[in-house]
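Subject: Structure handover

Hello,

Please find the structure below, followed by notes on what was found in it. Definitions are given where a term comes up.

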Amino acid sequence: MTTTTTTSLRRFPRFDFVSKFTATSCSSSRRGFSTTTSSSSSGGSCTEYSLTLQQQLESGSRGKSINLFSAINQALHIALDSDPRAYVFGEDVSFGGVFRCTTGLADRFGKQRVFNTPLCEQGIVGFGIGLAAMGNRAIAEIQFADYIYPAFDQACIISLIVNEAAKFRYRSGNQFNCGGLTIRAPYGAVGHGGHYHSQSPEAFFCHVPGIKVVIPRSPSQAKGLLLSCIRDPNPVVFFEPKWLYRLAVEEVPEQDYMLPLSEAEVIREGSDISLVGWGAQLSVMEQACVEAEKSLQEGISCELIDLKTLLPWDKETVEASVCKTGRLLISHEAPVTGGFGAEISASIVERCFLRLEAPVARICGLDTPFPLVFEPFYMPTKNKILDAIKATVNY
Amino acid sequence: MAIWFRKSINVSANYLKAKTGLWGLLNQRHLSPCFHSNSSSPTSLNGKNYRNPPSFFGNSTTLFGSRRFESVKAGRQEELRYDNGGHQDQALDFPGGTVPFTPEMRFISEASRERIPCYQVLDDNGNLIMHSSFVQVNKEDAVKMYSTMVTLQTMDTIFYEAQRQGRISFYLTSIGEEAISISSAAALTPEDVILAQETQYREPGVLLWRGFTLQEFANQCLGNKSDYGKGRQMPIHYGSNKHNYFTVSSPIATQLPQAVGAAYSLKMDGKDACVVTYFGDGGSSEGDFHAALNFAAVMEAPVIFICRNNGWAISTPVSEQFRSDGIVVKGQAYGIRSIRVDGNDALAVYNATRAAREMAITEQRPVLIEVQLGFLKHTLLTLHIPILTVDASELRLVVKTENALTYRVGHHSTSDDSTKYRPVDEIEHWKMSRNPIARFRRWVDGNGWWNDKDESELRGNARKQLLHAIQAAEKVEKPPLSDLFTDVYENTPSNLIQQEELLRQTIQRHPQDYPSVE
């Protein structure tokens, strides 16, 4: 299992995207306050120090093979190094964090810029909003996405993200913003996490205009996307697939580069069915694609799309793909009911109704709390996806 | 985590005598102060005694076994003490400090024996209280403070009436609390960043002090094109970048941890400024309040928390909100310097804020100010009396010499009729006798800095300007439809562009369904 996943992930980086990303964010107003400075910031100077992954690769600067947490760590080093007003904080980040993502940061940048906070998620997010509103890059770590989520019943973090961070710019008529805020949180299954170390709360945040939700699929993606998120002039929730922290290994350029937000990527081209996913689930989906091609005599040609940014999401890429294949399958770990797959499904049916040759399939988590011993049953596994691919193609 | 014990040789024998049972222990007089309360304690807000001995002792013998802990100082200690003779050479080294051991089983009392006193400079007659520690306010500032209070009061009165006439959708007055926002603002510099109360919105005085114009207030309340918030929020959700005043949002206490983050930024930038954030007694029950105080203490952030304890969270009295001695003691629990101040005393609020600012900036630490807005001891049954309207001229009278604390004289908001849950005579009492403006006026008068002519001129002008501001604001058109879609993100994403197009098409088909906009 381990070897398979790693191998398949290694196959992911196709690096065939041409970045349309013109670093809009990095020179945005130092002080989140000023309308004039923030509006004059587009087309800023990010590119001076930040090449795209494509450019990195074209210039032959391939990096070492590293895992996902090391890629995150590199991104954080770069973020702190390239912006003296960037801060990293959260529970246990000083010593490196429970997943080692913040290793070495406090030593290099000092405990005033990289620090532990008291154990209180609403405090971390609230503090981050205030710090960002003063024109800083506040990079907050929530130790587990699961601890964003139980905050629901205390109406704290969710309230802070939904009511405060997300509406900061809007409610002030763009007099103030907390665009420098990035909230990092490990999410998703890990094989033994049970209820509170496994969940995928992305859909909750996708219901909140004003924030961006980003999930990377691999180390090189994680580094480039995280740097984009940190430098984006909007508050971002960045979910890191904790299953891949150590498991996913690939070559990651050592330099500073950014990957575009709100751009999906076709990571495998095909003609019979489009599959859409994000984060760790993509590796499972890719295995299903490989088997689907082999399994039947004629083979099923699957197109696999990494959405990367869930909010605001790239409908056009998915729409183009579905118009080509006529079929759509969405897969995520979160429970199927009210999951983000439902939104994708509805949007694509609106746009591609006459092109669809089968109902949209959703292979997702069950509508149960995330289980411990039943995790293998709960998960949207390769064979569930494979069966759905076949059923959809043969509809 | 390093925890270890330091022990001395001569410790144990004197202290541990396992003889009698637990009830013997409880009969020891030296323990009683910890559990017994003074039944006439002023903190028993609704007359019940909440400080009865906890009942769990009845079945806790298994916890403590048959050992009896006896102290050499038994019977003499009135207050909880930690320095118990020779025992302090045994201690627990712990991150955060050394903790001595004691052979006495003492629970910390739920409250100190006396309530935290309330700092005052002026008495009800506007006379300086002897020996009061304060910094003199010069004539210019004093007159400006007074004029701003009167202007705020006039604005409240007129906007309140405008709301009652249906010209604005909602309003919320600061009546009875003018001294807090204006005096604290006067003690700050324009560089100090304000994160205003999001629950009671009673800090327009800070903006007024800083030069936000009556027209700007009116524009916001009318939600017109000139409103900086682009008509997106309800009236009184003011915000002004140029006045370092963050835009108010409605959820309670959420601004408190944000204030800590903002203060941390000032700290890192080495600014000669602090953050000041306001909240109410109800807000102190929110988790965000506790998160913020703890973060501020740990981060050593230069932030001043000003709690406006006015006795009521909409209809809930503080006796149903908390059982502590107000908010001020909570600061100490988090390791924050705190003070209780009389909110009807403009000079006390000014001085406390000034001192707090000095400490916050020079020592880089948070400070908590509880501005106590007292409550009457007796509570009468609710009378159903028509809604009270406040006439500014009424508020100029007042001569009473009772010891006074501030009080929310107005309703919580225009959506509220507080006569449903508190007696009208109580409101009237506070309105007439415990008025911060009246008290300050007497002091300013006493200095020969103000007279009746100044007063009538000020009130007349303020009234005229306000009426004009409302009329002018009403004539300004509403914000353009595009403002509905901008500022969600820095750049408008495609889904919003598409939704705007669709909406414009709908408006063209059904113009009668929509107000006219650009």
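Helix H8 (residues 214–222) of chain B is largely enclosed by the rest of the structure, because 8 of its 9 residues are buried. Buried means that 20 or more other C-beta atoms lie within 10 Å of the residue's own; exposed means 12 or fewer, partly exposed lies in between, and C-beta atoms are placed from the backbone. Helices (H or I, at least four residues) and strands (E, at least two) are DSSP runs, numbered from the N terminus.

On conventions: this is a predicted model, in which local features need pLDDT of at least 70 and side-chain atom pairs count only at pLDDT 80 or more, while totals for chains, interfaces and linings use all residues. Residues are numbered from 1 along each chain as its sequence is written, and chains are lettered from A and ligands numbered from 1 in the order in which they are written.

The buried residues of H8(B) are Leu214(B), Glu216(B), Phe217(B), Ala218(B), Asn219(B), Gln220(B), Cys221(B) and Leu222(B). They pack against H5, helix H7 (204–210) and helix H15 (452–475) of chain B, where contact means C-beta atoms, placed from the backbone, within 7 Å. Just after H8(B), Gly223(B) has a positive phi of about 60°.

H5(B) also packs on helix H6 (residues 178–186) of chain B, at an angle of about 145° and with the axes 10 Å apart. Axes are lines fitted to C-alpha atoms, for helices over the stretch in contact, and angles run from 0 to 180 degrees between N-to-C directions. Ala, Val, Leu, Ile, Met, Phe, Trp, Tyr, Cys and Pro count as nonpolar, Asp, Glu, Lys and Arg as charged, and the others, Gly among them, as polar.

The largest nonpolar core has 217 residues, of which Ile389(A), Val260(B), Val303(B) and Ile369(B) touch the most other members. Such a core is a set of buried Ala, Val, Leu, Ile, Met, Phe, Trp, Tyr and Cys residues joined through C-beta atoms within 7 Å. H5(B) (residues 139–164) gives the most to this core, with 11 residues. Leaving out residues up to four places away in sequence, Ile369(B) touches residues including Ile304(B), Phe305(B), Val341(B) and Ala356(B).

Chain A is assigned domain 1 (46–252) and domain 2 (265–393); the bounds come from an automatic or database domain assignment. Their C-alpha centres lie 26 Å apart, and the contact takes 24 residues from domain 1 and 21 residues from domain 2. The domain 1 side has 14 nonpolar, 7 polar and 3 charged residues.

Between the chains, the contact takes 41 residues from chain A and 34 residues from chain B. H7(A) gives the most to the chain A side, with 9 residues. That side has 16 nonpolar, 21 polar and 4 charged residues.

Ala75(A) counts as buried because it has 29 C-beta neighbours inside 10 Å. Ala75(A) touches Lys223(A), Leu226(A) and Leu227(A), not counting residues up to four places away in sequence.

Regards

Terms used: Contact = placed C-beta atoms within 7 Å.
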